[in-house]
Amino acid sequence: MSDQSSRELQSGLVSVGLPVYNGAQFLREAVDSLLAQDYTNFELIISDNASEDETESICREYAAHDARVRYYRAEQNMGPAWNFLRVYDLAGGEYFLWAAHDDRRAPRCLSLCVAALEQNPRALMCCMDARLIDENGQDVTATYPFRCYHPTGERPIERLRGLVRSSSWLDVYSLFRTPALAEPRQWKINAWGGDVVLVAQLCLSGEVVEAKEQLLDYRYFSSKTVEDVARGQSTSAKSVEVSWSNLTTDILECVQSSPLGFLEKFGVKWMVVVEFCFRNKSVGWGIGKEGFDGARRAFAGGLYGRAFTLSAIALLKRMEGFIQRVKRSLQSRSGRLVAPLQRERSSEERRRG
């Protein structure tokens with residue numbers, strides 16, 4: 001990745017990066033929503049990862065008719081992570097926003113987010129509310145409810161708590177200050193949950209603001225599983241596997257490398273373990289299912305610190321499972337003892353009646 005901190009960025013300009021591969025079905029809808037923004041000082045950077053459908057012709061058509069559109073095409077498919085980072089490398093604006101090729105943005109998306117960042121110079125990113133749309137563009141938010149808390153709050157622990165309590169993570173589609181994304185250790189995009197790690201790093205490093213409107217229409221495919229998402233991130237050179245345990249460890253490493261003090265780091269790490277591994281039911285279930293597999297792979301790869309952390313998390317999940325089984329057993333026994341007493345009491349009351 002190029003060093004954005006050493007590049008002269010144009011003040012007030014928003015760079016919108018749209019990575020795409022074979023996205024012809026929804027691409028026009030996405031691009032039209034971006035070109036309809038009421039904030040006009042922006043550039044749209046489209047990076048085509050050697051698409052084989054009509055994506056190229058669609059992009060060249062837009063680039064020919066609108067000077068704000070910059071189109072780049074790779075000669076061969078370089079993988080989704082490369083394409084995701086490439087649009088950032090090509091950005092020349094003070095602000096940066098990733099846009100998916102199948103999502104839509106409300107006309108006031110850029111203007112409201114830029115205004116929010118200008119009002120708080122300390123903020124590194126501006127989040128926005130979203131709704132779910134299906135393949136036909138219909139609102140299905142109520143049909144498929146999702147839990148997406150923004151990483152906002154005055155303190156780093158409050159911001160990170162919002163992130164780890166979520167079951168859906170869309171804040172990678174926020175508006176960022178471009179230089180804030182230049183720190184190399186943020187970039188684990190080719191790992192499971194890399195976008196979550198990136199946002200975790202930012203919300204530990206600086207403030208986050210929010211434009212409290214539904215400015216993002218996120219395309220939700222009900223048939224797509226987390227395994228499908230992982231396969232979509234994989235390349236011929238690297239296979240991405242679903243691993244909630246590794247994601248937990250990546251977030252903990254973000255805390256460790258953050259500018260927080262020793263005691264504050266300890267408190268934030270403990271919060272992450274409790275909220276992410278135990279109170280977040282969907283993540284906790286995934287961690288419990290993985291068991292000690294992640295620890296064994298880390299140990300085999302010589303990552304002993306990570307292996308220790310993963311082992312500790314797996315052990316805590318085993319202890320939690322054991323306690324729950326004991327609790328259910330006691331409740332069951334209690335029910336078997338109480339039921340005869342209740343029947344005897346009811347029988348005695350009938351005789352007295």
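**View 1. Leu315 in this predicted model is partly exposed.** Its relative accessibility is 47%. Buried would require under 20% and exposed over 50%, so a residue in between is called partly exposed. You can find Leu315 in helix H12, which covers residues 304–352. Together with Leu316 and Met319, Leu315 makes a nonpolar surface patch of about 260 Å².

**View 2. Here is the largest nonpolar core, a set of 88 residues.** Which of its members touch the most other members? They are Leu44, Trp98 and Leu160. Helix H6 (residues 194–205) gives this core its largest share, 8 residues. In soluble globular proteins, nonpolar side chains tend to be buried together.

**View 3. Strand S8 pairs with strand S5 and with strand S6.** S8 spans residues 207–219, and its pairing with S5 (residues 104–105) is antiparallel, with 2 bridges. Look for Arg104, which sits opposite Asp217 of S8. With S6 (residues 123–133), S8 runs parallel, and 10 bridges join these two strands. One spot to look for is Ile133, whose bridge partner in S8 is Arg219.

**View 4. Asn120 lies in the loop between helix H4 and strand S6.** Is Asn120 buried or exposed? With a relative accessibility of 13%, Asn120 counts as buried, because the cut-off for buried is under 20%. Setting aside neighbours within four places in sequence, you can see Asn120 in contact with Arg177, Glu207 and Val209. Helix H4, on one side of this loop, covers residues 109–119.

Terms used: Residues are numbered from 1 along each chain as its sequence is written. This is a predicted model: local features need pLDDT of at least 70, side-chain atom pairs count only at pLDDT 80 or more; totals for chains, interfaces and linings use all residues. Side-chain values use heavy atoms; hydrogens and water are left out. Patches are made of residues with over 30% relative accessible area and no salt bridge: like charges are joined within 9 Å, nonpolar side chains (Val, Leu, Ile, Met, Phe, Trp, Tyr) within 5 Å. Accessible areas come from the Shrake-Rupley method with a 1.4 Å probe; for residues, only the protein chains shown count as cover. A salt bridge is a side-chain nitrogen of Lys or Arg within 4 Å of a carboxyl oxygen of Asp or Glu. Helices (H or I, at least four residues) and strands (E, at least two) are DSSP runs, numbered from the N terminus. Buried means under 20% relative accessible area, exposed over 50%, partly exposed in between (1.4 Å probe, protein chains only). A nonpolar core is a set of buried Ala, Val, Leu, Ile, Met, Phe, Trp, Tyr and Cys residues joined through side-chain atoms within 4.5 Å. Two strands pair if DSSP finds at least two bridges between them. Contact means heavy atoms within 4.5 Å.
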